[in-house]
Amino acid sequence: MSEQDAKVRQESAAPEAVEIPQYARPAVRLVPGPDPVEPEDSPAAHSKRRRWTLTAMAVLGAGAIAAAFTLGPTLIRITQQNDAKLTMPEKIGTMVRDDSPAAKDTAGYLLTALAAGIELDATATGIYTDPAEGAAKSVMVFGGTTTMFSPERELDTVLKLMEDETGGVTGLTGYDPGDLGGVLKCGATDAPDGIMAVCGWADHGSLALALFPGRTPTEAAPLMTTIRTTTLTRP
């Protein structure tokens, strides 16, 4: 076969170019072609994003650890001290509860004053007198139960309120709250018959105040502890 015959046969085997009609060209342009290949991230970009991710995770982890150390003990105490119950029994030590109408009116007045400074879920109040000491040294106790995140701040608030009711509480001092925890403070205020101690306790589940006519804060503090352990119970 001559060179010319081979060239002719090759040309005849090649497919003829198809010319797209003018009217069909817009439709052809709408036919989707192959999906574009997304360029892969460069190693530098991938490494940078990974560093940002690790940094964010480290920051969040450190924040969680710090919150656990800060809030963990507080949440444990709230759990332990929550759901407390405050009751006023007939006797506290040698003191007997006074159920006379006048005593109940006074106790109610004090409880109303306390409610103006803090919202309590349940309340209790009572006036107690030691027969050996007489009514001049009657102790007035009033308080209630609720969940508190910052007991000392709540106690300071109601003690400040009592300044308006009693004419000013001075020399507030913290005392050992005992096994029940929380905070216990006592101060003094002027009374018609002389000095009167004002004490209060607060924990994550309860708050109460007591007025001690004829007693100094130092004398009243241990009696306040006795009142607390007698009137306050937890599950």
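The protein chain contains 6 helices and 10 strands, assigned as DSSP runs (helices, H or I, of at least four residues; strands, E, of at least two) and numbered from the N terminus. The model is a predicted one, in which local features need pLDDT of at least 70 and side-chain atom pairs count only at pLDDT 80 or more, whereas totals for chains, interfaces and linings use all residues. Residues are numbered from 1 along each chain as its sequence is written, and side-chain values use heavy atoms, with hydrogens and water left out.

Of the 235 residues in the protein chain, 33% are buried (buried, under 20% relative accessible area; exposed, over 50%; partly exposed, in between; 1.4 Å probe, protein chains only). Among contacts (heavy atoms within 4.5 Å) between residues at least 6 apart in sequence, 61% join residues at least 24 apart.

A search of the whole structure finds 6 salt bridges, each defined as a side-chain nitrogen of Lys or Arg within 4 Å of a carboxyl oxygen of Asp or Glu. In one of them, the side chains of Arg-215 and Glu-133 meet at 2.5 Å, N to O; Arg-215 is in the loop between β9 (206-213) and α6 (217-231), while Glu-133 is in the loop between β4 and β5 (139-145), so that the pair links distant parts of the chain, 82 residues apart. Arg-215 is buried, at 7% relative accessible area, whereas Glu-133 is partly exposed, at 37%.

Asp-203, buried with a relative accessible area of 0%, takes part in salt bridges with Arg-228 (2.7 Å, N to O) and with Arg-234, where the closest N and O atoms are 3.0 Å apart. Because Asp-203 lies in the loop between β8 and β9 and Arg-234 in the segment after β10 (232-233), the latter pair ties together parts that are 31 residues apart in sequence. Arg-228 is buried, with a relative accessible area of 1%, and Arg-234 is partly exposed, with a value of 26%. Elsewhere, a network of salt bridges links Glu-152, Asp-156 and Lys-185.

Thr-129 is placed in strand β4 (residues 122-129) and counts as buried because its relative accessibility is 16%. Leaving aside neighbours within four places in sequence, Thr-129 is in contact with Thr-94, Met-95, Val-96, Gly-134, Ala-135 and Ser-138. With the side chain of Ser-138, the side chain of Thr-129 also makes a polar contact of 2.6 Å (a pair of N or O atoms within 3.5 Å, one able to donate a hydrogen and the other to accept it within protein, residues adjacent in sequence counting only if both atoms are side-chain atoms).
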